[in-house]
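Have a look at the structure first, and then we can go through the packing together.

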Amino acid sequence: LSLAVQRIRSTPPRLISSPQTQPRRAAVSLILRVRPAEGLPLPPDDEPVPLEHFFSQEWVTHPGSRAELLFIRRDKTQAPKDGEVPGAGTGGASGGAPAHVAFPGGRTEDSDEGALYTAMRQTWEEIGLDLAEREYTCIGQLDDREITTSLGKRLLMILSPFVFLHLSPYEPTLDLNSEESEVSLHWVPLSALLSPHPTWSFVTVDISSRLAPRHNILRASVRWLVGNMRFRALVLTRADLEEADDLQRAAALGQNELKVWGLTLGMTLDLIAFMYPRQSDLPPGDPSSDEFDEIGGVAMMPSMASVFPRFSIPDVNFWIWVFGRRYRAVLKAWEASVIRSRLSHSNNPRLGASSAADRRINWSGQALSTFYAAVRKALVVVIVGRSIGILFALGLSGWWLLKRLGLMA
C-alpha cells in the first residue's frame with residue numbers, strides 16, 4: 001500500500017477532455033484504509049498524523065493489520081438514480097447482469113467546483129461518508145475513463161476516479177440507512193485482490209435488449225443469432241466478504257459473493273497495478289485468459305482489456321478478431337506507453353519527455369472505439385451470414401419437399 005500511495009502521488013493521470021457534443025462527466029471515490037490488528041493499542045483519536053508519517057506508525061506496520069478497499073453494491077432491481085453512474089460495464093445499464101458492484105460516486109453538477117469535489121459530494125450523498133474530514137486525504141487520481149453505450153457507438157460521459165486514504169485507526173462514520181437503502185458496503189482486503197490465484201467468472205449481458213429493445217420477437221431472434229455478451233468478472237467469495245463490517249446485512253440480502261467487472265474491475269486493477277514495483281511483477285490475471293487472446297492477441301495488463309467482452313457464440317469472437325487489427329495495434333501502443341510511464345521516473349530525459357506526450361493520448365478511448373468498431377462489423381457479418389444461411393436452408397428444404405411430392409419437373 002505504501003508503494004501504491006507513493007506512485008499514485010507521483011504519477012499524473014491521463015485526463016480526457018469532454019467533447020462539446022457530450023459534456024457530461026462523473027467522478028468516483030476509491031477509499032482505502034488500514035484496519036489495525038485486533039487488541040493493538042491505538043493512538044488517541046485527536047489529530048491524525050500527516051500522510052508523510054502515516055506508514056511509520058506501529059498500528060499500520062503491524063503484521064496483523066490489513067489494508068482494505070471500499071466497494072458498494074447496489075441492488076439489481078434498483079434503477080439508476082439521478083446523479084448515479086449507470087452500469088458497471090462499458091456502457092449504460094446492466095441489462096440483466098448481477099447487482100451493480102461499484103465505487104461511491106456520481107455525475108457532476110453545474111455547481112461543482114471540479115471532479116474532486118464531485119467525488120466527495122457524491123460519496124457523502126450516497127453513503128454518508130465525509131471525505132472532507134481531517135482523517136481523510138486524497139492521494140491522487142487514476143486515469144479518466146469513458147462510459148459509452150453497449151456497443152461503444154455513443155459517449156455517455158467521462159469518469160474520473162480519485163483515491164482517498166483513511167488516516168485514522170478508528171472506524172469511519174457512515175450515515176447509511178440500512179432499512180431503506182438498497183446499497184450495501186464492503187471493505188474488501190487488498191490481499192483478496194492481490195491473490196496469485198484469483199477466482200474468475202463471467203457476467204452475461206443480453207445484447208438483444210440494446211439492439212431491439214421494444215420488439216420481443218426481434219429480440220429473441222437477435223439473441224439466437226449472436227448470443228450474449230460476456231464480461232470477465234473477478235469474484236470475491238464469501239470468505240472475502242466476511243472481512244466486511246456489514247456481513248449480517250449482506251447475508252440478509254443474499255449477497256454471498258461480489259462480482260467485480262467492467263469499469264469497476266478496470267479501475268480496481270488500475271489501482272492494484274501501482275502496488276507492483278516492476279512491469280514483470282504484474283499479476284498474470286485470469287489463468288484462462290487465453291480465451292481473451294482470441295480477441296486481443298496481446299499480452300496485456302488485465303486492467304487494459306478487462307472491460308472488453310466476449311460473446312457466447314464463438315464465431316462472433318472470430319470475426320471480432322478478423323476486424324480487430326486496429327484494436328490490437330492500439331493495445332500494443334497502450335502497453336508500450338504504460339512501460340514508458342513506469343520508466344519515466346528514471347534519469348533518462350528522453351523517456352520522461354516521451355511519457356509526458358503519451359499521457360496526453362486517450363488510449364482507453366481509442367481502444368474502446370476501435371474494439372467496438374470491430375464488434376459492429378462482426379455482428380453485421382454474423383447476422384447477414386446466418387440470415388442468408390437460413391434462407392438458403394429454407395429454400396433448399398422447400399425444393400426438396402416439392403420434389404418429393406412430385407410437383408417439380
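In helix 12, Asp315, Val316, Trp319, Ile320 and Phe323 meet Phe371, Ala374, Val375, Lys377, Ala378, Leu379, Val381, Val382 and Arg386 of helix 15, where contact means heavy atoms within 4.5 Å. Helices here are DSSP runs (H or I, at least four residues), and strands are E runs of at least two, numbered from the N terminus.

This is a predicted model: local features need pLDDT of at least 70 and side-chain atom pairs count only at pLDDT 80 or more, while totals for chains, interfaces and linings use all residues. Residues are numbered from 1 along each chain as its sequence is written, and side-chain values use heavy atoms, with hydrogens and water left out.

Val316, Asn317 and Ile320 of helix 12 are buried (under 20% relative accessible area, 1.4 Å probe, protein chains only). These buried residues fall within an arc of 100° seen down the helix axis, so they line one face of helix 12. Their cover includes these elements:

| Element | Residues |
|---|---|
| Helix 7 | 216–226 |
| Strand 12 | 310–311 |
| Helix 15 | 363–404 |

Now to the cores, sets of buried Ala, Val, Leu, Ile, Met, Phe, Trp, Tyr and Cys residues joined through side-chain atoms within 4.5 Å. In the largest, of 45 residues, Leu69, Phe71, Leu193 and Leu271 touch the most other members. Helix 10 gives the most to this core, with six residues.

Key: Buried means under 20% relative accessible area, exposed over 50%, partly exposed in between (1.4 Å probe, protein chains only). The arc is that of the directions from the helix axis to the C-beta atoms.
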